[in-house]
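Let's take a walk through this structure together. Have the sequence and the 3D view open as you read.

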Amino acid sequence: MRQKIILYLFAIFLFITSGAVLATIYISNTISSLSRIIELHQIEDRRNELVYQVQTVQSDLYSLHTPVNRDLDSIVSNMSRLEETADNCTSCHHSALLTDRLIKVQSLVNAYKTALSYVVTFSGKQDRLVRLKLESIQIGDSILSMTGDMSSAAGKRLHDMTLSAMKEMEEAEKTLAITLIITLIMGVLAAVNLMNSVTRPVDELVKATRIIASGDFGYNIPLKEKAEFGELARNFNIMSNNIRDFYEKIRREIAERRHTEESLANSEKFLNIMFDSIRDPFCIVDRNFTIVRANNAYAELKGKSTNEMVGRKCHEIFYNRHNVCSNCIVETTFKSTDTCATEKMLNVAGGQRMWAESYTYPIFDELGNVSHVIEYTRDITDRKNIENALRESKERYELSARGANDGLWDWNLKTNEVYYSLRWKAMLGFEEKHIMNNPDEWFSRVHPGDRSPLENALSAHMNGMTAQFESEHRMLNKDGVYIWVLSRGVAVRDSAGKAYRIAGSQTDITGRKVSEEQLQYKALHDLLTDLPNRLLFLDRMQLFLDRSRRYRNYTFGVLFLDVDRFKNINDSLGHIVGDKLLISIARRLKVCVRPGDTVARLGGDEFAILCDDVSSTNDVKGLAERIHEEMSVPFTVMGHEVFASTSIGIAISNSDYTQPEQLLRDADTAMYHAKSLGKACHVMFDKSMHDRAVALLQMETDLRRAIERSEFSIYYQPILEVETKKIAGFEALLRWNHPVRGLLMPNEFIRLSEETGLIIPMTRWVLNEACRQVQQWNRQYHSVPPLTVSVNISGVHFRNNLLMEIEKALEETDFDAHNLILEVTESMLMDNAESAAVLLTQLRAMDVKLQIDDFGTGYSSLSYLHHFPIDALKIDRSFIRMMVVDKGNIEIVRTIITLAHNLGIEVIAEGVENEEQLRLLSEMKCKYVQGFLFSKPLDSKEIENLLKKSLLTV
C-alpha cells in the first residue's frame with residue numbers, strides 16, 4: 001500500500017512538475033511578447049516626441065527669441081535614435097520598407113532645417129519671407145504625415161502581436177486545465193492559484209492594450225501585485241498616463257500656438273504692444289553692451305525711463321562704470337554663445353531689495369555669430385521666501401523624524417497580520433528578520449500581569465467604547481529584561497462601524513517610569529538621610545493602627561526624638577557639618593532598631609521610630625536606652641569631634657487612638673517634657689502631659705485675646721538712690737489681669753509669649769504706656785532730676801526691629817531718651833552677640849541707657865562688658881539675700897561693685913528686704929537699690945499717692 005501511495009504521489013508530482021514547466025514556458029513566451037509590446041510603445045513615444053518637436057518648431061517659427069537650431073538638433077537626434085531602434089527590431093513589428101521611410105524622413109528633416117535657417121537669417125522682402133515660412137510648414141507637415149503613417153502601421157503590427165500573445169496564453173490555459181484534472185484537489189488548487197495570478201493580469205494587460213490602441217489614452221490597469229505582472233502593470237500605467245499627458249499637452253499647445261501665430265500675423269503692432277506688456281523685465285543688448293530695446297517693466301525695475309536707457313551702455317547708466325561689470329552674464333553669453341542664468345539680490349527703485357533670476361539668450365546673425373543678447377529678469381523674491389520656508393520646514397521635519405523615538409505598528413484585522421517598524425523591533429533589541437508579522441510577536445512578550453489590561457484596552461477601543469487605544473505595559477526585550485512601553489492607536493472602521501484595521505505607535509517609557517518611581521521614592525523619603533519622611537511614617541503608622549484594631553493583643557510604640565542643642569552646632573560649625581551629623585545620627589538609629597521597625601526623619605533635627613509588635617513598655621524603654629548609649633559615643637564630622645544627645649518622647653498605642661497624628665502628637669508632647677527635665681533622657685507619655693499641653697494652648701489663646709481686650713497693666717517698683725533715699729525712677733513690671741485666673745505674674749506667661757512671638761506687641765504696649773505715664777509724673781511733680789523708667793526686653797527683640805519701636809514710643813510720648821532704661825540679661829547678650837552689639841550701639845547713639853538684669857546668674861563674667869555699651873548692672877536678688885547668712889556672698893557682691901565702678905558702670909542691687917542688706921550695700925558704695933524694704937510693685941494710682949505725699953525717703 002505504501003508503494004502505491006508513493007507511486008501516486010510521485011505521479012502527481014510528475015504531473016504538477018510537467019504542468020508547471022509547460023506553463024512556465026508559455027508564460028515566459030507571453031512575457032517576452034509583452035516586453036516587445038512595451039518596446040513598441042516606447043518607439044511610439046519617440047515618434048510622438050518627434051512630432052512634438054516638429055510642431056514646436058513650426059509654432060516658434062515666428063518667434064525669433066527662441067534658438068531654433070537647438071530644437072532642430074534635438075529632432076535630428078531623435079530621428080537617429082528612432083532609426084537605430086528600427087534597425088534593431090525590424091523583425092518584430094514592421095517590414096524592411098520602414099527603413100526607406102526613415103531615410104526619407106531624414107532627408108525631409110535636413111530640408112526642413114535648411115528652410116528654417118533661411119527663414120531665421122533672411123532679411124529681404126516680406127513676400128519672400130512668407131514664402132519661405134510656408135515652404136517650411138509644408139515640409140513639416142510632410143514629416144508629420146509620414147510619421148503618422150508609420151505610427152498607424154506599427155499600431156496594426158502591435159495588435160497582431162497582442163493577438164499572438166493571447167493565443168499562447170490560451171494554450172497555457174489548456175495545459176494548466178489538463179494538469180489540474182489529473183492532480184485532483186491539489187491540481188485544482190494550483191490551477192486556481194495560477195489562474196488568479198497569471199490569467200487575470202494578462203487579461204487586464206490585453207484589455208489595456210486594446211483600449212490604448214483604440215485611442216483612449218490614460219487608461220490604468222487596476223492591478224496591485226508585487227510580481228512581474230504588477231511591475232508590468234505599473235509601468236504600463238505610467239506609460240499610459242504619459243501618453244495621455246503628452247497628447248493633451250500637444251493638443252493644447254498646438255491650439256495655443258495657432259492662435260498666437262494668427263495674432264502675430266495680423267499685426268506687427270501687436271508684437272510691439274505685447275513686447276511692452278510683458279510683466280517680467282527684459283532688454284536686448286548689442287555687442288557694445290548698448291541697450292537697443294527694453295520693456296516698461298525693465299525700466300521700472302531700474303528706476304529709469306525706456307528713453308533714458310535705450311542707446312546707452314548698461315554698465316554706464318546703471319553702475320556709472322566705464323568697463324563691463326565683473327561676472328557679467330551678458331559678456332559670458334557673447335563669449336560662450338550659449339544661454340546663461342544667475343540669481344542675485346538687486347536694489348530696485350524706492351530703496352527696496354529683491355531677489356532676481358536673470359537669463360540671457362543669444363541672437364545670432366547670418367554668419368552664426370552672436371549679435372545681440374536678450375537679458376530676461378524675473379522677480380523670485382516670493383519663491384526664495386518659499387524656498388527658505390520649505391527648507392526650514394524640511395529641516396524641522398527631519399529633526400522631528402530623527403528625534404522621534406516611537407515604533408510604529410499597523411494591524412490588519414482581516415488578515416490578522418501586523419506590520420512592525422524597524423524602530424518597534426529595535427526597541428526590543430531585535431533586527432527586522434527576527435520578528436514576524438503576527439500579533440503573537442507582540443502579546444507573547446507582554447508581562448503576564450499586564451497582558452489582560454492590554455487586551456481589555458484593545459477590545460474596548462475596537463468595540464467603540466473608547467476614542468483611542470492607549471496602554472502602558474511591560475515587554476520582554478532580547479536581553480530578557482522587561483521594559484515599560486506606551487502603546488497608542490486608532491482603529492479604522494467600515495461604514496457599519498466595525499474595525500478592520502488599527503494602527504499606532506509604541507514608545508519606550510522605561511526612563512519615565514523609573515523617574516516616576518524615583519519621584520515617588522523621593523516624595524516619601526528624606527533627601528538628606530534617605531530615611532522615610534513624615535508622610536511615609538504616618539502611612540505606616542496608619543497600617544499599624546488598622547492592625548491593632550483587627551488584633552486585640554497587637555501593640556506598637558512611637559518614639560519622638562529631638563537632637564539637643566543642635567542649633568548651637570549649626571551656628572558654630574556650619575550647616576554642612578550639621579547635615580553630616582544628621583546623616584550619622586540616622587545611621588546610628590538604624591543600628592539600634594529591629595528589622596521590622598521604621599526610623600524616619602520628620603524634619604530639621606526631629607526623628608521618629610515606629611516599633612512593631614511591642615509586648616510591654618520595657619521593650620520601648622530598652623530601645624530608648626540603646627539609643628542614649630549609642631549617642632553617648634562622640635561623632636567625628638569633617639574633622640570635628642561632636643557630642644550629640646537626644647530627648648525622647650514615647651507613646652504606646654491603645655484603643656483611644658484613631659488617627660496616627662494623635663499618637664505622634666503625644667510622643668512629641670512627651671519629648672518636650674523630656675527636654676524640660678534636662679535633655680538626654682526619655683519620658684513615657686501620660687494623660688497629664690496632654691492636659692498640660694491643652695492648658696498651654698488655652699493660655700496662648702487667652703494671651704492673644706488679652707492683647708486685643710487690653711487685659712494687661714503695668715506695676716511700677718521704685719528704684720531709690722542710697723545716699724539721698726530719693727526715688728530715682730521705676731522698673732515697669734507687666735501684669736496680666738486674667739478674667740478667670742486673676743492677676744498673673746510675668747513668669748507665668750512671658751516664656752509662652754516669647755515662643756509665640758506675642759512678646760513683640762506686648763513690649764510695644766509696655767514701652768508706650770510706661771513712657772507716657774512717667775512723662776506725665778515728671779510734668780506733674782516737677783521731679784529733679786527727672787524720673788527714669790526701666791523696661792525689660794526679650795532676646796526675641798534682637799531678631800526684630802526694636803529700634804523703630806523705641807523711636808516711635810519716644811516720639812509719641814515726648815519722653816526723653818536719656819530717661820529710658822532697657823534691661824537685658826547676660827544670656828540674651830551672649831546668645832545673640834552679633835545682633836545685640838549692633839542694636840545696643842544704635843540705642844546708645846539714641847541716648848537710651850542699657851542695664852544688665854539678674855547679673856551673676858548667667859555667664860558670671862565681666863569680660864564681655866568691654867564689647868557692649870552697658871550703663872549699669874543689676875545684681876541678682878539671690879546674692880543680696882545670701883549676704884547676711886553667707887559672708888562669701890558679701891565678697892562676691894563687693895567684687896562685682898568694685899569691678900563695675902572701675903569700668904565706669906553703675907550698680908543697682910535688687911531684692912533688698914532688710915536694713916542689714918541696705919547697710920552693707922551702702923558701705924560698698926552701691927548707688928541704687930530696689931526691693932520690698934522700700935516698696936513692692938504698685939499700680940499707677942498707688943504710685944501717684946506715693947508721689948503726692950512726697951514720700952521721697954523711707
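Which strands does helix α17 lie across? Helix α17, residues 510-524, lies across β8, β9 and β10, and runs at about 120° to β9. Keep in mind as you look that this is a predicted model.

Those strands belong to an open sheet of five, arranged in the order β7-β6-β10-β9-β8 with antiparallel pairing. At the edges you will find β7 (417-420) and β8 (469-476); each has a single partner strand, so one side of each is left without a neighbour in the sheet. On average, neighbouring strands here are turned by 25° against each other, direction ignored. As a reminder, strands of a sheet pair through backbone hydrogen bonds, either parallel or antiparallel.

For a close look at one pairing, go to strand β6, residues 406-412, which pairs with β7 over four bridges in the antiparallel sense. There, Trp411 stands opposite Val418 in β7. Helix α16 (residues 448-462) also packs on the sheet, where it touches β6, β8, β9 (482-493) and β10 (499-508). The direction of α16 makes about 155° with that of β8.

Now move along the chain to a hairpin. Strand β12 (residues 598-603) pairs with strand β13 (residues 606-611) in the antiparallel sense, over five bridges. Ala600 has Ala608 in β13 as its bridge partner. Two residues lie between the strands of this hairpin, and Gly604 takes a positive phi near 60°. Is β12 largely enclosed or left open? Five of its six residues are buried, so β12 is largely enclosed by the rest of the structure.

Next, the nonpolar cores. The largest has 77 residues, and Leu820, Leu822 and Leu921 are those with the most contacts inside it. Helix α25, residues 759-781, gives the most to this core, with seven residues. Leaving aside residues up to four places away in sequence, Leu921 touches Ile880, Met883, Val893, Ile897, Ala909, Val912, Cys926 and Val929. Another core, of 31 residues, lies apart from the largest one and includes Leu582, Val599, Phe607 and Ile648.

Finally, turn to helix α5 (residues 126-182), where you will find Arg157. At 32% relative accessibility, Arg157 counts as partly exposed, because that value falls between the 20% limit for buried and the 50% limit for exposed. Arg157 and Leu40 are 117 residues apart in sequence, yet their C-alpha atoms are 9.3 Å apart in space.

Definitions and conventions
Residues are numbered from 1 along each chain as its sequence is written. This is a predicted model: local features need pLDDT of at least 70, side-chain atom pairs count only at pLDDT 80 or more; totals for chains, interfaces and linings use all residues. Side-chain values use heavy atoms; hydrogens and water are left out. Two strands pair if DSSP finds at least two bridges between them. Axes are lines fitted to C-alpha atoms, for helices over the stretch in contact, and angles run from 0 to 180 degrees between N-to-C directions. Contact means heavy atoms within 4.5 Å. Buried means under 20% relative accessible area, exposed over 50%, partly exposed in between (1.4 Å probe, protein chains only). A nonpolar core is a set of buried Ala, Val, Leu, Ile, Met, Phe, Trp, Tyr and Cys residues joined through side-chain atoms within 4.5 Å.
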